[in-house]
Amino acid sequence: MGGRRHSRYPKLECKFELSQRQNDHNDRNNLYFLEDIAMFLLTVVKSIKMENIHPQYRIRTTSLKGNIALEKYLNIYPLFGTKY
């Protein structure tokens, strides 16, 4: 029997995800600063869309501690842009 088993109780998750091109417009690799962000959020950087002309890196919070670290950061430095 493949796939996920259905539980009697639904699962609720709260995650933050950040995706960036692997190389910026000046062909500089974005991995170094994304690794710092990932370390702060207690997670890792993963490569995605590798078959695409512009492969990406992705950071996704995977724990409550990572989400709390992000919440504390955003309470001090709130977003004011269009993605708020």
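Is Asp 27 buried or exposed? Asp 27 counts as exposed, because its relative accessibility is 61% and the cut-off for exposed is over 50%. Keep in mind that this is a predicted model. Here's a quick tour of its strands, its salt bridges and a couple of backbone angles worth a look.

- Let's start with β3, which covers residues 56–60.
- Four of the five residues of β3 are buried, so this strand is largely enclosed by the rest of the structure.
- β1, residues 17–21, runs antiparallel to β3, and five bridges join the two.
- β2 takes in residues 45–48 and also runs antiparallel to β3, with four bridges joining that pair.

**Salt bridges**

- The count of salt bridges comes to four.
- Glu 17 and Arg 60 meet through their side chains in one of them, at 2.8 Å from N to O.
- Because Glu 17 sits in β1 and Arg 60 in β3, this pair ties together parts that are 43 residues apart in sequence.
- Both partners are partly exposed: Glu 17 has a relative accessible area of 42%, while Arg 60 has 27%.
- Asp 24 pairs up with Arg 28, and their closest N and O atoms are 3.1 Å apart.
- Lys 11 is exposed, at 68% relative accessible area, whereas Glu 13 counts as partly exposed, at 48% relative accessibility.

**Backbone angles in the loops**

- Here's some background: most residues other than glycine have a negative phi.
- Asp 27, which isn't a glycine, has a positive phi near 65°.
- You'll find Asp 27 in the loop between β1 and α1, the helix at 31–40.
- Leu 42 isn't a glycine either, and its phi is also positive, at about 60°.
- Look for Leu 42 in the loop between α1 and β2.

Conventions. Residues numbered from 1 in each chain as written. Predicted model: local features only at pLDDT ≥ 70, side-chain atom pairs only at ≥ 80, totals over all residues. Heavy atoms only, no water. Buried < 20%, exposed > 50% of the residue type's maximum accessible area, 1.4 Å probe, protein only. Pairing = 2+ DSSP bridges.
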